Amino acid sequence: MFSFLKKKVVTEVEIKAIADGKVIPIENVPDNMFAQKLLGDGVGFVFEGNKIYAPCNCEITMIADTLHAFGLKAENGAELLLHVGLDTVNLNGKGLSAKVKAGQTVKAGQELLEIDRAFMAENNVELATPLILTNPDEYSMEKVKTDCDITKNDTVLLIKKL
């Protein structure tokens with residue numbers, strides 16, 4: 001009785017691509033911190049366009065003051081770090097425009113960030129973007145797509161609570 005009042009427990013989430021482009025193995029991200037999985041395992045994106053989208057329904061737990069990194073908490077509790085480009089921290093937010101705020105809940109595919117591609121090109125900024133699972137002791141991660149072309153609607157990871 002009243003089963004409709006019970007909140008559905010989400011144990012597995014599909015992680016979508018953050019934009020159209022390519023998904024690459026994390027080991028191929030041109031930064032040793034990510035390539036050697038020092039911050040965790042995941043995938044990298046080499047994307048087209050100037051927008052980055054939420055990879056799943058999630059809460060924005062953190063946005064760096066420099067707008068280069070987002071902390072995301074998926075519906076199943078998995079914690080993700082989206083690190084936009086490499087050495088973008090040195091830009092102090094220039095060329096980046098956040099479309100969400102910390103504490104906000106977003107849907108998969110919702111715009112998170114807009115990037116000024118011309119500014120990035122002028123400053124020789126590498127935009128390879130890692131997405132990593134930061135609490136792997138509690139979750140299993142299956143890489144569904146890697147090293148291939150993708151669209152923002154493609155599932156690239158499945159993350160399941162252990």
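This is a predicted model: local features need pLDDT of at least 70, side-chain atom pairs count only at pLDDT 80 or more; totals for chains, interfaces and linings use all residues.
Hi everyone, let's start with a pairing: β1 and strand β14, which covers residues 155–161, run antiparallel and are joined by five bridges.

Which order do its strands take? This is an open sheet of three strands, and the order reads β1-β14-β12, with antiparallel pairing. The edge positions belong to β1 (12–16) and β12 (139–143), and each has a single partner strand, so one side of each has no neighbour in the sheet. Going from one strand to the next, the twist averages 20°. As a quick reminder, strands of a sheet pair through backbone hydrogen bonds, in either a parallel or an antiparallel way.

Now over to β3, residues 42–47. How many of its residues are buried? Five of the six are, so I'd call this strand mostly covered, taking buried to mean under 20% relative accessible area.

And what does β3 pair with? One partner is strand β2, residues 21–25, which lies antiparallel to β3 over five bridges. Within that pairing, Val-23 has Phe-45 of β3 as its bridge partner. Another partner is strand β11, residues 129–133: four bridges connect β3 and β11, again in the antiparallel sense.

Terms used:
Residues are numbered from 1 along each chain as its sequence is written. Side-chain values use heavy atoms; hydrogens and water are left out. Two strands pair if DSSP finds at least two bridges between them. Helices (H or I, at least four residues) and strands (E, at least two) are DSSP runs, numbered from the N terminus. Axes are lines fitted to C-alpha atoms, for helices over the stretch in contact, and angles run from 0 to 180 degrees between N-to-C directions. Buried means under 20% relative accessible area, exposed over 50%, partly exposed in between (1.4 Å probe, protein chains only).
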